Amino acid sequence: MGALRKALSWDVKLWGRVLRPLLSCQGRTGGTWGRTCCSRQPHPALAGLLSATGQVSHWTEVFEKRGIPEARESSEYIVAHVLGAKTFQSLKPVLWTQPLTPWQLQRIQELCSHRLQRMPVQYILGEWDFQGLNLKMAPPVFIPRPETESRVIAVDREEAAICLTHENAQRLRLQDRIWIVPLDVTLEESWTHLLPWGPVDLVVSNPPYVFHQDMEQLAPEILSYEDAAALDGGKEGMDIITHILSLAPRLLKDSGSIFLEVDPRHPELVSSWLQSRTGLSLSLVAVRRDFCGRPRFLHIRRSGP
C-alpha cells in the first residue's frame, strides 16, 4: 500500500503541474479552455502529453514500471472509453493528437488509478463485448473470456450473478428466451427445483474448479476482484464438479450430455470418479483442448435410462 500511495502521490503532483498552466488560461467567467484561452500556446511537450496518444504513452510507461500486465492495451482501452469509443484504433485520427479537456484528463487519471490497484479493465470500464454481445460488468461476477466461457448462463447461487444476468438479458432482449434460476447445487434435493425445465438435452457448466492450493497463485486481477467461491473447487478442484455429475442424471434425457470446463488435471480425475460410480450411467466420451492446447473441456454422456 505504501508503494501504491507513493505512485498515486507522484501522479497527483504530475497532473497538478500539467493542469495548472492549462486551467490558468481559462477566462475569469469560467469559459471552457480553447474558447477563452489566452493566446499563449502550451509547450509542445505539454501539448503532446495532453493528447490521447500522449496519455496512452504516459500510462503505458507507468503501468510497465508497476508491473501491470498488458500495459499498453490497458491504457488504450481506458483512454478510448473516456473519449466515447470501444477501442483506441476506432477513434478518428483527428482525436489522437487533439488536446483533451481537463475533465477527460481527470477521468483518465481516476480510471488508471484503479488499474494500478490491479482491477481488471472490464470492471473499470463497466462493460465488455463478448461473442458479439455487449455485457455489463461488475465485480465479483465472472468476466467472460473468449478461450473458455460458455455462451449460456442459466443457473447460479450468487445473487450478484443472478441480478447481472437478468440485467444483461433485458439489455439484449433475451429475457423471453432464457430462464434464470437461483440454485445451489450442493444442497440436498436441489435437483427438484430444476424439474420444471427438464428433462434437458444438455447440461453446460463452468464450475469452480481451481485446486484450493492453487488459489494464491491466481493473478491479482482475478484473486482480488472476482468471487473466490466461483473459483475455489476444493482440495482437488472437484467439490462442485461431483455435485453436478451426481445431479445431472436426474435431469438429462436419454443419451443427454454434460459439458464441463475443468482444470487440465481433471480429465483423469473425473474419469476415475465416474468409473467408481457406475450407478450414475455416465461416461467420459471426449476431452477437448482450449486455444492454448490444454485439456480443458469434458464431454460426458448419459449412457443408460
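Mentor: A residue is called buried when its relative accessible area is under 20%, exposed when that area is over 50%, and partly exposed in between, using a 1.4 Å probe and protein chains only. In helix α10 (residues 239-247), this label applies to Ile240, Ile241, Thr242, Ile244, Leu245 and Leu247. The model is predicted, with local features needing pLDDT of at least 70 and side-chain atom pairs counting only at pLDDT 80 or more, while totals for chains, interfaces and linings use all residues. Residues are numbered from 1 along each chain as its sequence is written, and side-chain values use heavy atoms, leaving out hydrogens and water.

Trainee: What do the buried residues of α10 pack against?

Mentor: They pack against the strands β5 (200-205), β6 (252-261), β7 (282-289) and β8 (295-302), and also against helix α11. Helices (H or I, at least four residues) and strands (E, at least two) are DSSP runs, numbered from the N terminus, and the protein chain has 11 helices and eight strands.

Trainee: Why is alanine 71 called buried?

Mentor: Its relative accessibility is 8%, and because the cut-off for buried is under 20%, alanine 71 belongs in that class. Alanine 71 is part of helix α4 (residues 71-82), and, neighbours within four places in sequence aside, its contacts (heavy atoms within 4.5 Å) are with Thr60, Phe63 and Glu64.

Trainee: At what angle do α4 and α6 pack?

Mentor: The angle between α4 and helix α6 (residues 102-116) is about 140°, and their axes are 10 Å apart. Axes are lines fitted to C-alpha atoms, for helices over the stretch in contact, and angles run from 0 to 180 degrees between N-to-C directions. In this packing Ser74, Ile78, Val79, His81 and Val82 of α4 meet residues of α6 including Trp103, Ile108 and Leu111.

Trainee: How many residues does the largest nonpolar core have?

Mentor: That core has 33 residues, and those with the most contacts inside it are Trp59, Phe63, Val79, Leu83, Phe88 and Ile108. Apart from it lies another core, of 26 residues, among them Met238, Ile240, Ile244 and Leu251.

Trainee: Where is confidence lowest, and where is it highest?

Mentor: Confidence, given as pLDDT for each residue from 0 to 100, is lowest in helix α1 (residues 2-23), at a mean of 48, and highest in helix α11 (residues 266-275), at 96. Over residues 17-41 pLDDT stays under 50, whereas the protein chain averages 81, with 79% of the residues scoring at least 70.

Terms used. Core = buried A, V, L, I, M, F, W, Y, C linked by side-chain atoms within 4.5 Å. pLDDT = per-residue confidence, 0-100.
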